[in-house]
Amino acid sequence: MPNENISSIKSKDNFYKNTTQKGNYGKVELEEKSNFSSKKLQNLEDTQSKEEAIKKTMDPPPSKIFLEILGNGSYNLSSSVVVRTERNVYLINVPEGLLRSSQHSRIKTTVIKDVFVTRFNINNIGGLPGFFITKEPIDNPDFKTRFHCVPNVLGFSNALRPISDENYGKTKASKSFVEIPPEKEKFKDEAFDIKYLPIINSNKSTGASYCFLFEGTLPQRKVDVNKLLESNIPSGPWLTKLKNGETVTLEDGRIIKPDDILFELDLTNDKTNLLILDVESIDEIESLRNSPHLLPYKNNKKNLHYVVHMVQEDVYKSNEYKRFMDEIYCNNAKNIIINGSASFYPTNSGIYHITQYNNLICPELYPLLHHCKDPISFTCDDDITREENYLTVKPFARFTMRGVPTSDDTMELSTCISSSNFIVPPNEKEKFNELLTEFKNECENDPLLKNGDIYPEITILGTSSAVPSKYRNVSSYLLRTSEKSLFLIDTGESTYSQLFNLYGPHQIDEILINIKACFMTHSHQDHINGLCNILFKRKEAFERKNIPYVPLVVTGPWSVKKYIITYHTFFTKLFDLIEFVPTGHKSDEVDISKLDTLTVNMEERIPSHLYNVKDWNLASIKAVPVKHVGFCNGYVFTDTNGRRFVFSGDTMPCELLIKEGENADFLIHEATFEDYHKDEASRKRHSTMEQAVTVGEKMCARYTLLTHFSARYHKVPPLPLYLDKKNVGIAFDFMTIKFNQWHLVPKLNKIFRLAYAIELFDVDSKVQQRVLAAGIEQIKRKIEEENAIPSKKIC
């Protein structure tokens, strides 16, 4: 490590000390940034000692290495790559939707040990907040996730955690993550020598960027059993040392060399040199040309086996880029292009299966997703046999770098419902068909469904709490008050993907530019992590339409603004894209006894050049404080026809919401827990299903829709019988309810009990098991108390 680097960093540190920055968003203390240089210096000094420790505890080289494409850059999942070994997962870029797509690729984010980011834009870091939440604090530094060339990721995580998740708010990121500074220039572990290739940014580029060169270490040589028997080596540590390439001296004085018992290395099928390229403009190519790490490839002393191109299409097709590829002999490698030029392929089959299943029951409420008409099926190995050296690929495409994959590792994805496990049990089929026929006949002869009275219309984009599942995304709702007036209530991670999957590439831009506002209930990660991507996708839609950009109104508690400031400060500028309107006071501590004084008429706060009663078709927008963690609010909307509709957000039963939403036409209320979990719901300040139904009754709401179900319910939550008598239904992702269709919602409960009989039986069985376990535990405690000696008895 050059001494001049240390002295340079020290001088920068002195300059930054006690520095603060003032802006339009208040005074922001730059504690993290003022100490950034000091941290870089500390990282540089500490990394050497850590590297030595890693080498000493290093496992042998992996026998299997695979390159896997998570996102091919097209439409709904940005360019992202995984390199997988038996003991580690290397992730290149963390796009929004990573948590959900990783379920298909069977990658547990908890085992990802190394993370690389090629360029600091929303496409590559949109999934970071969700990724942070999955990482538990770890005391052993060897098991912490290492972030390579991601400046100040610890500061970003520490700033974000208290805002976006109360369970992790007091946990420092340093307990889960380690920063590997770019000044280190390379990193080595048992599998790879990884070299960082910095890109000098041009005026056309966005933020710092890096390319990465993975060079595989030689595999461990295998033992020749015949040679081993001939050598007559006694038991002991000798074999391990010999496999690691060491010459050993036995107790009888014999000197044994690795060649004496090991096979010769066969590197014929070893393809472990991988280059990840992210180039945004032509003048960035010069940085790569000047990289010393690529000299051996220019001189033909080393060979590249795979090159992944996350390169803008116009740059990729340029003569300058082609010349660069010729210089490093790319023609001899397998070139994988994931720059968005590939055709659309789904990254989640579950959403297609459940929407098709529900559409068969009630097409009026459950529209098919955009790509449902032509079923798509593929496997992770479809592209591996292609002979071309330059190819665009499907998501989850897998390429062998070392070893042979097993059939158990093969990932198959099909959007066709016939490939799913959605089925009505044979013993329920007759009753199901009878009820379904009766329901469809009613719909066919229902004059309400033909009166054209469709607004307000609500589309459910996410019904899961905390984390997404295969079938349900986290919280978001699309409210449409007229053909050209749309609004989002909450934006959980992958909200944009949900919109794209529903409307497809030809309608998505029109949807985005007509979204006037995002009404945020609070800043927990399952309600807000999709906001930044929505902002940038919406901006791109305005640019494609070639019309002047209109800022998006974002309302919410002050914690929402803190979330936006954190992104704005550490990574990407957001305030030019929005008009933030707070729903409450700056203090996040709320006196529950004074909630009724904190209701805000938002139409009075939103700037008049953005809010127009006629255009928005909303006469009143009330932000109502509710009872959750910190300051949170629900919303009560009244349109120009006097129709009232209420969104609870996350909350315990709240009397103020009942009062403000009185006589609502419909209430959408969270029901995180089943009724058995009443104590847990109270502790976490959520509602049970019965509590949510009672809120609707007290509010005198015409209809109540339950949502925000625990992720333990993969497809459907419990469906207690009391729902049917109280005009209550349950929400599914992509459910779309026009105003003249609400009376259909509760009628579906009895049909869904048969359609999802298998899942509901499993849910009920688990409830009974928990009840039994709790009863046994209670009996044990009682026996212990009765048998305890008097002085030890519990008072």
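Over which residues does pLDDT stay under 50, and how many contacts beyond four places in sequence does the model have for them? The stretch is residues 1–37, and the model gives it 37 such contacts, where pLDDT is the predictor's confidence in each residue, from 0 to 100, and a contact means heavy atoms within 4.5 Å. For the chain, the mean pLDDT is 87, and 88% of the residues reach 70 or more.

Before I go on, a word on the basis of what I say. This is a predicted model, in which local features need pLDDT of at least 70 and side-chain atom pairs count only at pLDDT 80 or more, while totals for chains, interfaces and linings use all residues. Residues are numbered from 1 along each chain as its sequence is written, and side-chain values use heavy atoms, with hydrogens and water left out.

Let me turn to the aromatic rings. A pair of aromatic rings is described by the distance of the centres and the angle of the planes. Rings of Phe, Tyr and Trp (its six-membered ring) pair if their centres lie within 6.5 Å, and planes under 30 degrees apart count as stacked, over 60 as edge-to-face and the rest as tilted. The structure holds 46 aromatic pairs. One of them joins Phe-131 and Phe-147, edge-to-face, at 6.2 Å centre to centre and with 85 degrees between the planes. This pair links distant parts of the chain, since Phe-131 belongs to helix α6 (residues 128–134) and Phe-147 to strand β7 (residues 145–148), 16 residues apart; helices (H or I, at least four residues) and strands (E, at least two) are DSSP runs, numbered from the N terminus. Both Phe-131 and Phe-147 are buried, buried being under 20% relative accessible area, exposed over 50% and partly exposed in between, with a 1.4 Å probe and protein chains only.

The rings of Tyr-366 and Phe-732 have their centres 5.9 Å apart and their planes at 85 degrees, so this pair is edge-to-face as well. Tyr-366 lies in the loop between α14 (350–361) and β17 (377–379), and Phe-732 in the loop between β33 (728–730) and β34 (736–737), so the pair ties together parts that are 366 residues apart in sequence. Tyr-366 and Phe-732 are both buried. Ring pairs also link a cluster, whose members include Tyr-477, Phe-487, Trp-616 and Trp-742.

Next, the backbone. Most residues other than glycine have a negative phi, and most peptide bonds are trans. Tyr-455 and Pro-456, however, are joined by a cis peptide bond with omega of about 5 degrees, and Pro-456 is in the loop between α15 (429–444) and β21 (457–462). Phe-396, which is not a glycine, has a positive phi of about 70 degrees; Phe-396 is in the loop between β18 (390–392) and β19 (398–402), and counts as buried at 4% relative accessibility. Ser-494 has a positive phi too, near 75 degrees; Ser-494 lies in the loop between β23 (485–491) and α16 (495–513) and is buried, with a relative accessible area of 6%.

Finally, the sheet. An open sheet of mixed pairing is formed by 7 strands in the order β26-β25-β24-β23-β22-β21-β34, with two strands taken to pair if DSSP finds at least two bridges between them. The edge strands, each pairing on one side only, are β26 (578–582) and β34. Strand β21 is joined to β22 (residues 476–482) by 5 bridges, and the two run antiparallel, with Glu-457 opposite Arg-480 in β22.
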